[in-house]
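Open the model in your viewer and keep the selection panel at hand. We will walk through it stop by stop.

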Amino acid sequence: MNQKNIFTAIAAILVLQGIGFFLMGDQMITNTFPDVTEPGHTALLRLLQVPSALSILLGLVTYANRGTANVVWAFTLGTAILLSVTLKHMLIDHVNVPIPAVTIQVLILLACGYLWSQEKKA
């Protein structure tokens, strides 16, 4: 397991996630906020396009930097912050966060943490 392979996989996941957000936005909003009204649903759908585009952007940046040595710490800390916010929404705000999303965030955090620990040893 080297950084280039791990970052290539992370990049693919992020791009697919962004595309999935675009394609399945209606279903995600209905599952997450079952009591939302039609104007709220429309507003949420438009807002969901922002993280969709950002996920694709981050996937492309990840792919472009997959061989760069000094980015692992940023991906590790950034993913830790993202996971913390996701867990806050899930556990404190009681938002119905999709379990696959949490699982992906945990796996990315573990992979980046592994790479960071290997980088520190070298």
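The tour below starts with the whole chain and then moves to single places.

**Before you click**

This is a predicted model, in which local features need pLDDT of at least 70 and side-chain atom pairs count only at pLDDT 80 or more, while totals for chains, interfaces and linings use all residues. Residues are numbered from 1 along each chain as its sequence is written, and side-chain values use heavy atoms, with hydrogens and water left out.

**Stop 1: the whole chain**

Show the cartoon and you will find five helices and zero strands; helices (H or I, at least four residues) and strands (E, at least two) are DSSP runs, numbered from the N terminus. The order from the N terminus is α-α-α-α-α. The C-alpha trace spans about 55 × 30 × 15 Å along its principal axes. Of the 122 residues, 28% count as buried, where buried means under 20% relative accessible area, exposed over 50%, and partly exposed in between (1.4 Å probe, protein chains only).

**Stop 2: the largest pocket**

Next, select Gln17, Phe21, Pro51, Leu82 and Gln105, the closest to the centre of the largest pocket among its 37 lining residues. The space in this pocket comes to about 1,200 Å³. On a 1 Å grid over the protein atoms alone, a pocket is an open set of points where a 1.4 Å probe fits, with protein on both sides within 12 Å along at least five of seven lines, and lining residues have an atom within 4 Å of a point. Grid points are joined across faces, edges and corners, and the volume is the space filled by probe spheres set on the points.

Which helices supply at least two residues each of the lining? They are H1 (3-23), H2 (25-32), H3 (38-64), H4 (72-91) and H5 (99-121). Colour the lining by residue type and you get 27 nonpolar, 10 polar and no charged residues. Here Ala, Val, Leu, Ile, Met, Phe, Trp, Tyr, Cys and Pro count as nonpolar, Asp, Glu, Lys and Arg as charged, and the others, Gly among them, as polar.

**Stop 3: a nonpolar patch**

Now select Leu16, Ile19, Phe22, Leu23 and Met24, a nonpolar surface patch with about 540 Å² of accessible area together. Such a patch joins nonpolar side chains (Val, Leu, Ile, Met, Phe, Trp, Tyr) within 5 Å, from residues with over 30% relative accessible area and no salt bridge. Areas come from the Shrake-Rupley method with a 1.4 Å probe.

Zoom in on two members. Leu23 lies in helix H1 and counts as exposed because its relative accessibility is 71%. Ile19 is also found in helix H1, but is partly exposed, at 37%.

**Stop 4: a salt bridge**

Where is the one salt bridge that a search of the whole structure finds? Select Lys88 and Asp93, whose closest N and O atoms are 2.6 Å apart. The term means a side-chain nitrogen of Lys or Arg within 4 Å of a carboxyl oxygen of Asp or Glu. Lys88 is partly exposed at 37%, and Asp93 is partly exposed at 35%.

**Stop 5: His94**

Finish at His94, in the loop between H4 and H5. His94 has a positive phi of about 60° although it is not a glycine. Most residues other than glycine have a negative phi. With a relative accessible area of 65%, His94 is exposed.

Methods:
Patch = residues over 30% accessible without salt bridge, like charges linked within 9 Å, V, L, I, M, F, W, Y side chains within 5 Å.
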